Amino acid sequence: MTDNKVILQVKNLKRYFNVGKNQTLKAVDNVSFEVYKGETFGLVGESGCGKSTLGRTIIRLYGATGGEVRFDGVNVHKKLSGAQSHELSRRMQMIFQDPYASLNPRMKVMDIVAEGIDAHGLAKSAQERAQMVVDLLEVVGLQEEHANRFPHEFSGGQRQRIGIARALSVNPDFIIADEPISALDVSIQAQVINLLKKLQEQRQLTYLFIAHDLSMVKHISDRVGVMYLGSMAELASSRELFENPLHPYTQALLSAIPLPDPDLEQSRSRVVLEGSIPSPINLPECCHFCSRCPKATELCKKQAPEMVEAEPGHWVACHLIQAPGK
Amino acid sequence: MSKLLEVENLNVHIHTQHGIVQAVRGVSFSLEKGETLAIVGESGSGKSITVKGVMGLLPTNGKIAEGSVHLEGRDLAALSEHEMQKIRGCDISMIFQDPMTSLNPTMTVGKQIMEVLHEHRSDLTKEQLKEKAIEQIRLVGLSNPETRFSQYPHQLSGGMRQRVVIAIALACSPKVLIADEPTTALDVTIQAQILDLMKDLQGKIDTSIIIITHNLGVVANIANRVAVMYGGKLVETGSVRDLFYRTAHPYTKGLLASIPKLHEDDQQLFSIPGTPPDLMDPPKGCPFAARCPHTMKVCQEFMPEYTQLSDTHRAACWLLDSRAQQDDAKDGEDHD
Amino acid sequence: MAQKMEIPQKLFVKAVVDKDEREHIARPNLTAFQDGWLRLRKNKAAVVSLAILVVIILLAIFGPIFSKYTFYDTDYAHTYNGPSAAHLFGTDQFGRDQWARIWQGTRISLLIAVAAAFIDLFIGVTFGAVSALFGGRVDAVMQRIIEILVGIPQLIIVILLMMVMPAGIWTIVVALSITGWVNMARLVRAQILKLKNQEFVLAARVLGTGNREIILKHLIPNTVGVIVINAMFTIPSAIFTEAFLSFIGIGLAEPQASLGVLINNGYQVLQNFPFLLIFPAVVIVLIMVCFSILGDGLRDALDPRMRQ
């Protein structure tokens, strides 16, 4: 499925917010990774870890404070010509979290789905536009009759599918899915995930899938990055990460997921983390996980760890783990 | 067996602008001393409304149309609002999903705990109340209880707030603790902490728990018994092992199959097609008939009755009827 | 168990489920406007208020026609006449027909209120929208302007203005509008700030939709509810302010009538001829109460959170 062609390259990306006097919130701090064409890159982390900000910075809803994002070689935060910028917004799309807030309550489904078609002038006539919308609705499992209805008449899962149809309308190559299923019911989550997988196969899409539900991320992703307080803690192929987690945070995260299997769930031992995530404002220069890490050393409290490739394709940022050969 | 709480044939109607929503339709279950019952269901399945009906906390447009709720033999539905207030917080208490909205932002944590204690133990002096409140804060595993006592809710993190909410709920050692999605708003690592805390405290103060959740992992972690709700009805009840290993109802099966397993490799996720029924105009047959892969004609016409599968396990599905097996309605799984 | 027997064996066969039916939406297809109207109609007080307002507005427009007198015709033979067949609401100290004067006064009062509401709406919406959309320093400066305006008592501005400008309808309209739009601006700004970060607006930006379309298709339609409701509350307060100004004697000049002028005249002869006060007072109370109830009803009916 993936040929090792890089479609998105994020290099030392920083996004800071000023919150009051001399207070900076480093929502994304020095994050680097690559996404290959045709793959699904999962991004997991708890609330406030900066995963959504990262997604929004990549798609240019936020500017970058430092570092760069290259999409197909083009630095997206540089000044682009109108045509370049337009083309970029056609090729990179986003699916949002909240199926209720992501559709304009005053617009009909027809106009919601056609928004991208209008913005990029993809339809030559009103009939063509309507036909394109109906086709898109069928792709996501809805029908023609739904085009004339308003969003509030749909259920959460149906709305999320309308959001997917809207993103597909401009024929993108790369879709950022920002927690697309966390607001949905269990049985509906599977519908949306299966739809996303089917679309990926049919249209050779590349996904950046942001979520906090690790089991879903594992299911859909080829590679997974784990974020903690603005930085990338660990990055590996999905299987490797879940079978051989190296970072103490990943280990704790994995063992904290309750498994839907009572015998296994009630017998396994788990690493329970103490305390809660510290405030992301004015963080000291250290490993951000050191305050909760069961294995923290003096070094961890003084210096932030670098990302090292512990095993081929398995990157981790932890002082306890050294790159082979060092 | 001592039945602590018994709910029988509970029907709740919600009156809206567009008509009457039959949110809960004939739900019966019981809770025994010391056990944890999980009520599982999707949004709109009626699980929250069921326990709100039990607590007498229905919204003003909601009414118990039929049925009874007995706590240790006392009929709760017959009590006046004043008597019900005494029961709430003392005999039954409740934890809500969002810890921020269930705490008063203008009062310190300690004051809020003391207030609840005072309501039910008016014989204690102020010093004794404070001592008990600090003890309560220590009980829910918060560090520096004396400092926490004088802090405001906004100074605490989400997980700590939920611990405070639990401290308040358990202040009077209730017989029943109802937890409505207590961990949904929390992160996974915090969720694990809170679940451990709830199990630990249940042992210490000997209370029964009803936990409402949509997360089957949480159910597997904490529950002894499970009740699955769909379309305002209980479709399956049983011990936690019955539910997970001897699943009988197609809806429960579908739910289990639609969550990815962390320890198994890439399987195609099963997805239940369609959306839950509109309870304004519920189907006359089985509520799940429109989405079930095994629907028979009878399912569309008649509401299935409960089939007792074992002492602890029962389900409402026509497939379990003796007449259905002959037809082998189970072949041809044409789900997509 | 009895029921079990009744179910025929032949029903225990696999049924065909229409897959399309699973996605079917049972509720009727309603636009936001229809939905709002449906809900407003259920609010009896609001419907009654709407009906009363329609009657009052019709009378303000056509009422004087049904009278053979005009509001400025004097008749010194019939001063201070009580209500009678000839003069439904009686006559005043110059023998002018109260019926004609009241509806003329209502017309003027409503005209002033509606004009003031429209000017408020125009300035307020523009100011609030610009402030919210540009943000940053522009927003900060514009907000300070609003704060300064709020800080000066409205009455002082109005009285100063009335001294500079000639007495008349448009002076009152200007006086009412000069500070009246502040509320509207604040509400519109808050609403747009909230909308700006909604996911559907982000989605539009991600899709490459231009700023103009975002404002026209996403921001304004979702602000209309707030605007309409606020305008509904502006009208009664403008009527009241106008009446107040006329009552303290700095409003309209004779023979022009507004409800405030009529009430002032009636008040001076209250003990002898109470009907001169009662009729205009009833009309002004009806207008104010009905607008407030209707505004409340509209707020409930248009609130998207109420839609299910």
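1. Two residues are taken to be in contact if their C-beta atoms, placed from the backbone, lie within 7 Å. On that basis, residues 24 or more positions apart account for 64% of the contacts in chain A with a separation of 6 or more.

2. The model is predicted, with local features needing pLDDT of at least 70 and side-chain atom pairs counting only at pLDDT 80 or more, while totals for chains, interfaces and linings use all residues. Residues are numbered from 1 along each chain as its sequence is written, and chains are lettered from A and ligands numbered from 1 in the order in which they are written.

3. Chain A holds twelve helices and twelve strands, these being DSSP runs numbered from the N terminus (helices H or I, at least four residues; strands E, at least two). Because its radius of gyration, taken over C-alpha atoms, is 21 Å and close to the 20 Å that the globule rule (2.2 Å times the number of residues to the power 0.38) gives for 326 residues, chain A is as compact as a globular protein of that length.

4. The C-alpha trace of chain A spans about 65 × 55 × 45 Å along its principal axes. Of the 326 residues of chain A, 51% count as buried, that is, with 20 or more other C-beta atoms within 10 Å of their own, all placed from the backbone.

5. An open sheet of four strands in chain A has the order β2-β1-β4-β5, with antiparallel pairing; two strands pair if DSSP finds at least two bridges between them. Since β2 (24-36) and β5 (74-75) of chain A stand at the edges with a single partner strand each, one side of each is left without a neighbour in the sheet.

6. Within chain A, strands β1 (residues 6-18) and β4 (residues 66-71) run antiparallel and are joined by five bridges, and Gln9(A) has Arg70(A) in β4(A) as its bridge partner.

Terms used. Buried ≥ 20, exposed ≤ 12 C-beta atoms within 10 Å, placed from the backbone.
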